[in-house]
Amino acid sequence: MSLTPKSRIQAISAKLTPMDVEIIKTYIRGCVQGFCCNDSTKAFSVRILFGGENGDWRNTPMQRIYDYYKRRGHTDKEAYKRAAIDAGRLLKRVLDEDKNCIYTFTKKRTNVYKKMP
């Protein structure tokens, strides 16, 4: 177990192929590793990793989640919100599956994670 305290890992709502999910998880894993390499003492969240300045998902695997909801007829705002929820669920799963590091999380408005030293 590498995510403490242990919390429930939920499936994403977007119906993607298993290959797409693995590609997205690999991308998320790389983003987490890059963030932690720059400053392993800082906390992070989906919003920090994939929102704000990083909110343009075009040309990244994350776009597949957003596109799924757009194809289902959701507005841009609804698709973005649902994709962000799925991104959070995948982030939590990636952190939980990481056997090399231990992460803690704090439940706030959104989950905030931090790599343990």
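What span should the 22 residues of helix H4 have at 1.5 Å a residue, and how far apart are its end C-alpha atoms? In this predicted model, helix H4 covers residues 76-97 and should span 32 Å.

The buried residues of H4 include Ala79, Ala83, Ala87, Leu90, Leu91, Val94 and Leu95. Charged residues are also found in the buried set of this helix, among them Asp86, Lys92, Arg93 and Asp96. Arg93, a residue of H4, is buried yet forms no salt bridge. The nearest side chain of opposite charge to Arg93 belongs to Glu97, at 4.8 Å, whereas a salt bridge requires a nitrogen-to-oxygen distance within 4 Å. Apart from neighbours within four places in sequence, Arg93 contacts Ile9, Gln10, Ala11, Ile12, Val21 and Lys25.

The largest nonpolar core comprises 31 residues, of which Ile28, Val32, Phe44 and Leu91 touch the most other members. Two or more residues of this core are given by each of helix H1 (18-38), helix H2 (46-50), helix H3 (63-71), H4 and strand E2 (103-107). H4 supplies the largest share, seven residues. Once neighbours within four places in sequence are set aside, the contacts of Phe44 include Val32, Phe35 and Cys36, together with Leu49, Leu91 and Leu95. Phe44 is also in contact with Tyr103 and with the run Asn111, Val112, Tyr113, Lys114 and Lys115.

In H3, the buried residues are Gln63, Ile65, Tyr66, Tyr68 and Tyr69. These buried residues pack against H1 and H4.

A search of the whole structure for disulfides returned zero. Cys31 is in no disulfide, and the nearest cysteine sulfur, that of Cys36, lies 11 Å away. Cys31 is partly exposed, with a relative accessible area of 22%. For Cys37, the closest cysteine sulfur is also that of Cys36, at 7.4 Å. Because a disulfide requires sulfur atoms within 2.5 Å, the separation of 7.4 Å between the sulfurs of Cys37 and Cys36 is too far for a bond. Cys37 is exposed, with a relative accessible area of 68%.

Conventions
Residues are numbered from 1 along each chain as its sequence is written. This is a predicted model: local features need pLDDT of at least 70, side-chain atom pairs count only at pLDDT 80 or more; totals for chains, interfaces and linings use all residues. Side-chain values use heavy atoms; hydrogens and water are left out. Buried means under 20% relative accessible area, exposed over 50%, partly exposed in between (1.4 Å probe, protein chains only). Helices (H or I, at least four residues) and strands (E, at least two) are DSSP runs, numbered from the N terminus. The expected span of a helix is 1.5 Å times one less than its number of residues. Contact means heavy atoms within 4.5 Å. A nonpolar core is a set of buried Ala, Val, Leu, Ile, Met, Phe, Trp, Tyr and Cys residues joined through side-chain atoms within 4.5 Å.
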